[in-house]
Amino acid sequence: KTLAKVPDDMKERVKEDLEKQDVIFNKISEADGEKGGYFKAGMVEKHFSVVAKLSGGGVLLYAPPRLHQDLVDWLEQIGPVQYIVLGSNAHTTCIPGAMKRF
């Protein structure tokens with residue numbers, strides 16, 4: 001039923017993705033409540049951030065990742081972080097740390 005609306009040239013890929021999702025969901029259910037259960041079940045998180053040096057000397061940080069001291073030191077060398085931009089409203093877990101730091 002789900003594949004009925006998928007274009008023919010994409011059906012195989014979508015089918016594979018749904019099968020992987022089903023495997024991961026079952027593993028997560030087995031590891032329910034276990035710390036790191038999502039990642040142990042095979043989920044992969046990719047996080048892309050952008051740092052832009054502004055013409056006025058400041059820095060724009062787009063979709064900031066979890067900040068570690070090496071990253072903070074590097075950012076401070078570039079210039080003061082003046083803007084923090086959310087990548088999307090679904091990925092906000094690292095924003096409080098960035099807001100507090102900058």
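Predicted model: local features only at pLDDT ≥ 70, side-chain atom pairs only at ≥ 80, totals over all residues.
Two strands count as paired if DSSP finds at least two bridges between them.

Select residues 50-53, strand E1, together with residues 59-62, strand E2. E1 and E2 are paired in the antiparallel sense, through four bridges. Two of the facing positions can be picked out: Lys53 is opposite Val59 of E2, and Val51 has Leu61 of E2 as its bridge partner.

Now look at the turn of this hairpin. Five residues lie between E1 and E2, and Gly57 has a positive phi there, near 105 degrees.

With E1, E2 and E3 selected, the view shows an open sheet of three strands in the order E1-E2-E3, with mixed pairing. Which strands stand at the edges? They are E1 and E3; each has a single partner strand, so one side of each has no neighbour in the sheet. From one strand to the next, the twist averages 20 degrees.

**The helix on the sheet**

Select residues 69-78, helix H3, which forms a right-handed β-α-β unit with E2 and E3. H3 packs on the sheet and touches E1, E2 and E3, and its direction makes about 20 degrees with that of E1.

Within H3, colour Leu71, Val72 and Leu75, the buried residues of this helix. Looking down the axis of H3, you will find these buried residues within an arc of 100 degrees, so they line one face of the helix. Turn to the other side of H3, where Asp70 and Gln77 are exposed.

What covers the buried residues of H3? The cover includes E1, E2 and E3, and also helix H4, residues 95-101. Before leaving the helix, select Gly79, which follows H3 and has a positive phi near 155 degrees.

**The core**

Select Val59, Leu61, Leu71, Leu75 and Val81 as one group: these five residues make up the largest nonpolar core. At least two residues of this core come from E2, and at least two from H3.

Keep Leu61 and show what surrounds it. Leaving aside residues up to four places away in sequence, Leu61 touches Val50, Val51, Leu75, Val81, Tyr83, Ile84, Val85 and Phe102.

**Two loop residues**

Move to the loop between E2 and H3 and select Ala63. Ala63 is not a glycine, yet its phi is positive, about 55 degrees. Is Ala63 buried or exposed? Its relative accessibility is 10%, and buried means under 20%, so Ala63 counts as buried.

The last stop is Phe48, in the loop between helix H2, residues 37-40, and E1. The relative accessible area of Phe48 is 66%, and exposed means over 50%, so Phe48 is exposed. To finish, draw a distance from the C-alpha atom of Phe48 to that of Tyr62: the two residues are 14 residues apart along the chain, and these atoms are separated by 8.7 Å.

Notes:
Residues numbered from 1 in each chain as written. Heavy atoms only, no water. Right-handed = clockwise from strand over helix to strand, strands pointing away. Axes fitted to C-alpha atoms, helices over the stretch in contact; angles between N-to-C directions. Contact = heavy atoms within 4.5 Å. Buried < 20%, exposed > 50% of the residue type's maximum accessible area, 1.4 Å probe, protein only. Core = buried A, V, L, I, M, F, W, Y, C linked by side-chain atoms within 4.5 Å. Arc of directions from axis to C-beta.
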